[in-house]
Amino acid sequence: MRPLLLDFGRNRSLFERLAAMLDAEPGAFERRRFPDGETYLRFDCDPSGRRIGLVCSLDRPDAKVLPLLLASAALRDLGAAGVGLIAPYLAYMRQDKRFQPGEGISARYFAALVSDHFDWLATVDPHLHRFDSLNEIYSIPTATVPAAPALAAWIDDNVARPVLIGPDRESEQWVAEVAKRAAAPYEILEKVRSGDREVRVSTPRGKRTSETPIIVDDIVSTAQTLIETIGRVREAGMPAPICIAVHAVFADGALEALTEAGAKRVVTCNTIAHPTNRVDVSELLAAGVAPLLGSHQGEADG
Ligand code: R5P
């Protein structure tokens, strides 16, 4: 029996590409809100005995998570052989320690919640900073898919003499891999965050005025990290940089602010549907999902 994929997100083109690459049946279901705001779900496809993946990127996660948990519980109750979560962007990874007295470690609690309700999880470049891998907090099998091959290919095709800039230490894991694949030099800066929208970034030491700087980060949310880094790059005498982020979270007004700050171009992956999406990660994601979903990936193309 072909696996079943259910689209709980707002990225139909990514969903359709995944379903085709995984040779999975796109499942039909009814989803609406009762007048009191509660979620109603009814599956038109028979989940009994099926291996199922729910696809939903978890930007602005709070409204998305409860319907996903209810769906998983219902599908298991209806006899599904296994229910996994395909979250191209994985939420609640940044509160990975107690920064202030009285805070919780949301990354751990969220991981426990997802692990309780799903049989496996697949995602693209989760924000691994103080945890080395998802296995430290998730108790289910996980696939962590790197966007680096797709980002490096975009750079190869679009930028003649790139130099990559990482705005903070944790960005090195993405920047170094992209730089290696694109055969480009890179520099990692130091960042100090003092609030949601307050960051300071160090100035690049390498005065590379004849190359095109590309700032690479995993997430763009308020865009303050990228905006501050643009300032430091220009201060170093470098040309206007291209800004690349894997996940286009973009808080309100962030893209406009980033453009005003002098980004030459803003490029993101299609893990979250956004007008800046230029890099398609569906093939990489499908390859990560296939063993977990138990799909015969590639047969669809034959
Ligand atoms: C955190 O360290 C991440 O890697 C990003 O740098 C951060 O999430 C970006 O957030 P913002 O766009 O709000 O500065």
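Tutor: Let us begin with Glu 25, which is partly exposed, its relative accessible area being 28%. Please keep in mind throughout that this is a predicted model.

Student: And which side chain does Glu 25 meet in a salt bridge?

Tutor: The partner is Arg 50, and the N to O distance in this salt bridge is 2.8 Å. Glu 25 belongs to strand β2, whereas Arg 50 sits in the loop between β4 and β5, so that the pair links distant parts of the chain, 25 residues apart.

Student: Is Arg 50 buried or exposed?

Tutor: Arg 50 counts as buried, because its relative accessibility is 8% and the cut-off for buried is under 20%.

Student: How many salt bridges are there in the whole structure?

Tutor: A search of the whole structure finds 20 of them. In another one, the side chains of Asp 96 and Arg 130 meet, with 2.6 Å from N to O. This pair also links distant parts of the chain, since Asp 96 is in the loop between β6 and α3 while Arg 130 is in the loop between β7 and β8, 34 residues apart.

Student: Where do those two stand on burial, buried or exposed?

Tutor: Asp 96 counts as buried at 5% relative accessibility, and Arg 130 is partly exposed with a relative accessible area of 36%.

Student: What does Arg 169 pair with?

Tutor: Arg 169 forms a salt bridge with Glu 190, and their closest N and O atoms are 2.9 Å apart. Arg 169 lies in the loop between β9 and α5, and Glu 190 in the loop between β10 and β11, so this pair ties together parts that are 21 residues apart in sequence. Arg 169 is exposed, at a relative accessible area of 57%, while Glu 190 is partly exposed, at 39%. There is also a network, in which Glu 30, Arg 32, Arg 42 and Asp 44 are joined by salt bridges that share partners.

Student: Changing topic to the sheet, what is the strand order?

Tutor: The order is β2-β1-β5-β6-β7-β8, in an open sheet of 6 strands with parallel pairing. Strands β2 and β8 stand at the edges, and each has a single partner strand, so one side of each is left without a neighbour in the sheet.

Student: How many bridges join β7 to β8?

Tutor: There are 4 bridges between these strands, which run parallel. Val 124 stands opposite Val 145 in β8, and the bridge partner of Thr 123 is Thr 144 in β8.

Student: Which residues form the covered face of β8?

Tutor: The covered face of β8 has Ala 143 and Val 145, whereas Thr 142 and Thr 144 make up the uncovered one.

Student: What does helix α1 touch in the sheet?

Tutor: Helix α1 packs on the sheet and touches β1, β2, β5 and β6, and its direction makes about 180° with that of β1. Helix α8 packs on the sheet as well, touching β1, β5, β6, β7 and β8, with its direction at about 170° to that of β7.

Student: What about α2, how many Å should it span?

Tutor: Helix α2 has 16 residues and should span 22 Å at 1.5 Å a residue, and its end C-alpha atoms are 24 Å apart, which agrees. The buried residues of α2 include Val 65, Leu 68, Leu 69 and Leu 75, but also Lys 64 and Ser 72. Among the elements that cover the buried residues of α2 are β1, β3, β4 and α3. Just after α2, Gly 79 takes a positive phi of about 100°.

Student: Last topic, the inside: which residues touch the most other members of the largest nonpolar core?

Tutor: Leu 5, Leu 18, Leu 22, Ile 155, Leu 164 and Ile 244 do, out of the 44 residues in that core. The largest share of this core, 6 residues, comes from helix α4. A second, separate core has 35 residues, including Phe 29 and Val 114. In soluble globular proteins, nonpolar side chains tend to be buried together.

Student: And what does Ile 155 touch?

Tutor: Leaving out residues up to four places away in sequence, Ile 155 touches Pro 162, Leu 164, Val 178, Ala 182, Ile 214 and Ile 244.

Conventions
Residues numbered from 1 in each chain as written. Predicted model: local features only at pLDDT ≥ 70, side-chain atom pairs only at ≥ 80, totals over all residues. Heavy atoms only, no water. Core = buried A, V, L, I, M, F, W, Y, C linked by side-chain atoms within 4.5 Å. Buried < 20%, exposed > 50% of the residue type's maximum accessible area, 1.4 Å probe, protein only. Helix = DSSP H or I, 4+ residues; strand = E, 2+ residues; numbered from the N terminus. Contact = heavy atoms within 4.5 Å. Pairing = 2+ DSSP bridges. Axes fitted to C-alpha atoms, helices over the stretch in contact; angles between N-to-C directions. Expected span 1.5 Å × (residues − 1). Salt bridge = Lys/Arg side-chain N within 4 Å of Asp/Glu carboxyl O.
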